[in-house]
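Subject: Structure for you to look at

Hello,

Here is the structure I said I would pass on. Please open it next to this email, and then read the notes below on how its parts pack.

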Amino acid sequence: MTTLHEPVVTTTPADLSVWPASTTEPRPGDLAVGGVPLAEVADRFGTPVYVLDEDEVRERCRTYRDAFPDAEVLYAAKAFLCRAMVHWTEEEGLGLDVCSAGELELAVTTGFPPERIVLHGNAKSPRDLETALRLGVGRIVIDSPSEIARLAAAVGPGGHQKVMVRVVPGISAGGHEKIRTGTDDQKFGLSISDGYAQHAIARILDQPQLELTGLHCHLGSQITSVKPYLAAVRRMVGLMARLHEQHGLVLPELDLGGGHGIAYRPGEEALDLTALARRVRAELTDACAAAGLPVPRLIIEPGRAIVGPAGIAVYRVLAVKKTGDHTFVAVDGGMSDNPRPALYGVRYAPRLVGRTSGAAPAPVTVVGRHCEAGDILAADVELPCDLRPGDLLAVPVAGAYHLSMASGYNLVGRPPVTAVRDGHARLLVRRESLEDIRRRDVGL
């Protein structure tokens with residue numbers, strides 16, 4: 001365990017606006033998170049290394065619970081999942097949203113109540129459905145017409161399973177075209193505009209072993225405005241009103257998904273959670289009153305907004321070189337532990353940690369070690385011009401979609417995950433070793 005005893009030096013809030021609230025500068029040029037210097041984490045666990053501030057995760061869970069006291073808050077496990085994260089989520093009173101048998105089994109075998117878990121997926125495998133039914137998952141979100149018959153057959157004539165239907169409301173929202181999921185031109189859900197959603201719902205109502213509890217939609221990711229959610233409420237309630245008129249159906253639940261945007265760099269916009277909760281609640285109440293329907297229980301599914309700002313990735317500089325007008329700083333990780341810049345053009349704000357520098361800042365591009373020209377972690381960022389091999393760079397807002405999207409490219413092995421709290425650091429997920437990789441390779 002690592003314990004911090006040094007006095008804390010105040011750092012200007014603007015410098016740390018996207019870092020965990022516990023971040024301090026115990027020594028000039030160094031940063032500590034959860035009371036643990038990041039340089040000590042790097043020395044103890046090696047680099048690259050993910051660092052999670054446990055208190056930041058827990059506080060963000062509580063913030064959602066407080067903002068939506070009457071709603072069901074499900075943590076979207078796809079953002080990041082390990083046994084410790086499952087444990088924190090349960091202790092803070094959140095449910096879980098999972099997308100596979102693997103995520104589901106990890107959660108349940110860690111002790112998470114299966115009835116508080118929702119299974120998603122646009123193409124659920126037979127194993128996904130079998131595992132969900134065997135473990136007693138709370139709800140299954142139907143994403144395509146073919147799932148209805150498959151699920152009904154798997155449940156059996158004497159069985160019972162609660163389901164929801166993922167609806168496409170026809171709303172474009174999200175920080176990049178590849179993470180916009182509320183329109184008719186992508187793979188998720190059933191469209192309102194062409195009648196497929198209504199047709200699927202009618203088929204579900206003909207299956208007595210399937211209990212339709214509500215509608216689900218997810219507009220996309222990195223949404224920083226409340227307006228798309230208000231539009232979604234209106235369209236979803238409009239569909240609920242038509243279902244009531246056609247089938248006498250009164251649905252008790254409405255799931256608005258997640259996608260709540262966060263800031264990755266100082267000055268960037270983030271979704272105002274307080275405003276979201278207040279305005280969605282008012283919009284839902286007004287829309288249901290106009291339609292003559294009781295107000296359904298709201299469900300939301302934050303993932304990135306809970307774990308993203310709680311995570312830091314720490315890398316060690318391997319090389320610094322100039323090519324023409326460009327300075328490239330190469331680190332010992334890259335697109336195998338963070339593919340998001342290559343996928344979505346995400347921009348980060350890395351920072352030198354572990355030593356102080358009086359050198360002037362200069363524009364550099366932080367690149368990874370992989371054999372791809374697109375292996376860029378941060379383009380044109382200001383860092384001290386005396387950067388050298390052996391230095392440590394810390395990247396904030398690295399808790400979501402880093403390890404969960406990590407790959408085995410170049411067989412470098414996925415980094416470990418550590419948790420920091422109250423001056424102590426502990427290992428949550430160990431580094432993937434060459435022996436781990438060899439064991440999977442069984443043919444010769």
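In helix 8, Tyr229, Leu230, Val233, Arg234, Val237 and Ala241 meet a set of residues in helix 9, among them Leu276, Val280, Leu284 and Ala291. Contact here means heavy atoms within 4.5 Å. By class, this contact has eleven nonpolar, no polar and three charged residues. Ala, Val, Leu, Ile, Met, Phe, Trp, Tyr, Cys and Pro count as nonpolar, Asp, Glu, Lys and Arg as charged, and the others, Gly among them, as polar.

This is a predicted model: local features need pLDDT of at least 70, side-chain atom pairs count only at pLDDT 80 or more, and totals for chains, interfaces and linings use all residues. Residues are numbered from 1 along each chain as its sequence is written, and side-chain values use heavy atoms, with hydrogens and water left out.

Helices are DSSP runs (H or I, at least four residues) numbered from the N terminus. Axes are lines fitted to C-alpha atoms over the stretch in contact, and angles run from 0 to 180 degrees between N-to-C directions. The axes of helix 8 and helix 9 (residues 273-291) cross at roughly 25° and come within 9 Å. Helix 8 is therefore roughly parallel to helix 9 (angles under 35 degrees count as roughly parallel, over 145 as roughly antiparallel, 65 to 115 as roughly perpendicular and the rest as oblique).

Helix 4 (residues 101-109) and helix 5 (residues 126-135) also pack at about 25°, with axes 9 Å apart, so these two are roughly parallel as well. Their contact includes Leu104 and Val108 in helix 4, and Ala132 and Leu135 in helix 5. It has five nonpolar, two polar and four charged residues.

Helix 5 packs against helix 6 (residues 145-155) at an angle of about 45°, with axes 11 Å apart. That is why helix 5 is oblique to helix 6. Pro126, Leu129 and Leu133 in helix 5 meet Arg150, Leu151, Ala154 and Val155 in helix 6.

Which residues have the most contacts inside the largest nonpolar core? They are Leu38, Phe68 and Leu215, in a core of 132 residues. Such a core is a set of buried Ala, Val, Leu, Ile, Met, Phe, Trp, Tyr and Cys residues joined through side-chain atoms within 4.5 Å, where buried means under 20% relative accessible area (1.4 Å probe, protein chains only). Helix 8 (residues 227-247) gives the most to this core, with ten residues.

Regards

Technical notes: Buried < 20%, exposed > 50% of the residue type's maximum accessible area, 1.4 Å probe, protein only.
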